[in-house]
Amino acid sequence: MKLDGFGILVKDMAVMVRFYRDVMGFAIKEEENASNVFLEKDGTTFLLYRRTDFEKMTRRSFSYANGINGHYEIAMSADNYADVDATYERVIKAGAIPIMQPTTESWGQRSCYISDPEGNLIEIGSFRK
């Protein structure tokens, strides 16, 4: 079995598509109002599923975290430490929710955290000075 991509279940498809396309730089393959939207970044497929449509398809209800949640993170790699800092500033100005400012960790990675509009964590990091 091979990893093909990953997906998240979203409340507001149009808001999430605009965030990942316009703020985070993912290429979009579908319209903003589709039930399932395929985004692509660096050869990885990222799927957005509208919650109500997914529940209808599976014929069951699910519970969802509200607010900023720590169920998982999406990890994005930056070229170097300066790029981590610049990317953080750019995406915050473009509408990302700040979680943790760029910090150089004891293991040598410079990283920061933001959140998308629905509270999903995104890490931006680099091991290169």
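These legends describe close-up views of a predicted model.

**View 1. The sheet of strands E1, E4, E3 and E2.** Four strands make up this open sheet, in the order E1-E4-E3-E2, and their pairing is mixed. Strands E1 and E2 are the edge strands, each pairing on one side only. Within the sheet, strand E3 (residues 36–41) and E4 run antiparallel and are joined by six bridges. One of the residues to look for is asparagine 36, whose bridge partner in E4 is tyrosine 49. Helix H1 packs on this sheet and touches E1, E2, E3 and E4. The direction of H1 makes about 160 degrees with that of E4.

**View 2. Helix H2 against strands E1 and E4.** Helix H2 covers residues 51–58 and lies across E1 and E4. The helix runs at about 80 degrees to E4.

**View 3. The sheet of strands E5, E8, E7 and E6.** This open sheet is formed by four strands in the order E5-E8-E7-E6, with mixed pairing. Strand E5 (69–77) and strand E6 (97–104) stand at the edges with a single partner strand each, so one side of each has no neighbour in the sheet. From one strand to the next, the twist averages 20 degrees. Strand E7 (residues 110–115) pairs with strand E8 (residues 120–126) in the antiparallel sense, over six bridges. Tyrosine 113 stands opposite glutamate 123 in E8.

**View 4. Helices H1 and H3 on the sheet that holds E7 and E8.** Helix H1 (residues 13–23) packs on the sheet, where it touches E5, E7 and E8. The direction of H1 makes about 5 degrees with that of E8. Helix H3 (residues 81–93) also packs on the sheet, and its contacts are with E6, E7 and E8. For H3, the angle is about 15 degrees, taken with the direction of E7.

**View 5. The largest pocket.** About 340 Å³ of space lies in this pocket. The lining consists of 17 residues, and those nearest the centre of the pocket are Lys41, Asp42, Ala75, Met76 and Ser77. Strand E5 and helix H3 each supply at least two residues of the lining. By class, the lining residues are nine nonpolar, three polar and five charged.

**View 6. The second largest pocket.** This pocket has a volume of about 190 Å³. Among the residues that line the pocket are Ile8, Leu9, Arg51, Tyr64, His71 and Glu118. Strand E1 (5–10) and E5 each supply at least two residues of the lining. E5 gives the most, with three residues. The lining has five nonpolar, four polar and two charged residues.

**View 7. The aromatic pair of phenylalanine 26 and phenylalanine 46.** Seven aromatic pairs are found in a search of the whole structure. The pair formed by phenylalanine 26 and phenylalanine 46 is tilted, with 5.2 Å from centre to centre and 45 degrees between the planes. Phenylalanine 26 sits in the loop between H1 and strand E2 (27–28), and phenylalanine 46 belongs to strand E4 (residues 44–50). The two residues are 20 residues apart, and their pair links distant parts of the chain.

Conventions
Residues are numbered from 1 along each chain as its sequence is written. This is a predicted model: local features need pLDDT of at least 70, side-chain atom pairs count only at pLDDT 80 or more; totals for chains, interfaces and linings use all residues. Side-chain values use heavy atoms; hydrogens and water are left out. Two strands pair if DSSP finds at least two bridges between them. Axes are lines fitted to C-alpha atoms, for helices over the stretch in contact, and angles run from 0 to 180 degrees between N-to-C directions. Contact means heavy atoms within 4.5 Å. On a 1 Å grid over the protein atoms alone, a cavity is a set of points where a 1.4 Å probe fits but cannot get out, and a pocket is an open set with protein on both sides within 12 Å along at least five of seven lines; lining residues have an atom within 4 Å of a point. Grid points are joined across faces, edges and corners, and a volume is the space filled by probe spheres set on the points. Ala, Val, Leu, Ile, Met, Phe, Trp, Tyr, Cys and Pro count as nonpolar, Asp, Glu, Lys and Arg as charged, and the others, Gly among them, as polar. Rings of Phe, Tyr and Trp (its six-membered ring) pair if their centres lie within 6.5 Å; planes under 30 degrees apart count as stacked, over 60 as edge-to-face and the rest as tilted.
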